[in-house]
Amino acid sequence: MTDNKEKIIEIKNLKKHFETPQGSVRAVDDISFDIYRGETFGLVGESGCGKSTLIRTILRLLPPTSGEIWFNGRDIAPLHRKRDLKPLRKEMSLVFQNPHSSLNPRMTVYDTLARPFRIHGITKTKEETTIEIVKVLKTMGLQAEHMIRFPHELSGGQKQRIAVARALAVEPDVIFLDEPTSALDVSVQTKILKLLEATKEERQLTYFYISHDINLIRVVSDRIAVMYLGKIVEIGKTPLIFGEPQHPYTVGLFKSVPIPDPDRKIGEMSLQGEVPSPVNPPQGCNFNPRCPHAMDICRKEEPELKTTEDGRQIACHLYNR
């Protein structure tokens, strides 16, 4: 874990809403947090809470509705022209969830990896490009012979290594990993994660993981944020959040993780009911209809994300009184 306190990303009051016939979907709803250079930041939450939309908005693959996205000391939220956004594609990379669909089936590994080198002018000749591709392949535990293969000739683990290699090719500062191992076998997952960690240390990268796998986030992250219905409800150092979760949603989310112990009795689940519609979220705290500790104020006023004595940030009236 890094002790560096230099902020590489600062998110301030970020919103991303989508207009639908039913109304405005508040996928990302007034979110603020920081990411420090060299750390691994993890984001967890139920399906549909807005995790993928959040990282795509930070990457400027989606235009924000409002708010600020500070990257390396510059607010990139107002940028719209391709020529202004192009340098960001070199500084921030994304590894998609499904390696089977993120690689073009008609392109060889060489063609897939050569594109970022050509687009960003990193190499000038085919010989230089080939040399760089071999280097990045070896970083991912692959050989030069993989260059001539098509995706259908690769295993799932090899495809994801190629996807990671493509993200590394431009030597970014930050890599966003959207469920990077969910489509892979457990044994392959471990190998990919070890390669990612070794590469992070070697290249001094910053990682932003999002995953449904609570245990994965627990292992890889220095700090984690918990997201619910478009909002961040708790942020803190990983040992602190997992050792003593405080927000009722965080507690319920962690309790929902199955434990492979046949003698262990299934305890009462804290998460009751269904996730409300993001088109018509509840008044006050978004979690109040499902919260076992909901008070009158929870149904009237939205809690602010405030820093507690132990250093975490939490958005809950139980702790903000």
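View 1. D30 is partly exposed, with a relative accessible area of 37% (under 20% is buried, over 50% exposed and partly exposed in between, using a 1.4 Å probe and protein chains only). The model is predicted, so local features are given at pLDDT of at least 70 and side-chain atom pairs at 80 or more, while totals for chains, interfaces and linings use all residues. Residues are numbered from 1 along each chain as its sequence is written, and side-chain values use heavy atoms, without hydrogens or water. D30 sits in strand β2 (residues 23-36); strands are DSSP E runs of at least two residues and helices are H or I runs of at least four, numbered from the N terminus. Have a look at the backbone here: D30 is not a glycine, yet its phi is positive, about 65°. Most residues other than glycine have a negative phi.

**View 2. Q204, in a loop.** Q204 lies in the loop between α7 and β8 (206-210). Its phi is also positive, about 55°, and Q204 is not a glycine either. With 68% relative accessibility, Q204 counts as exposed.

**View 3. Helix α6 and its cover.** The buried set includes G157, K159, R161, I162 and L168. Among the elements that cover them are β6 (92-95), α4 (109-119), α5 (126-139) and α7 (186-203).

**View 4. Where α4 meets α5.** The two axes come within 10 Å and cross at roughly 110° (axes are lines fitted to C-alpha atoms over the stretch in contact, with angles from 0 to 180 degrees between N-to-C directions). That makes α4 roughly perpendicular to α5, a label for angles of 65 to 115 degrees. From α4, the contact (heavy atoms within 4.5 Å) takes in V109, Y110, L113, A114 and F117. From α5 come K126, T129, T130, E132, I133, V136 and L137. Sorted by type, the contact residues are eight nonpolar, two polar and two charged (Ala, Val, Leu, Ile, Met, Phe, Trp, Tyr, Cys and Pro are nonpolar, Asp, Glu, Lys and Arg charged, and the others, Gly among them, polar).

Methods:
Parallel < 35°, antiparallel > 145°, perpendicular 65-115°, else oblique.
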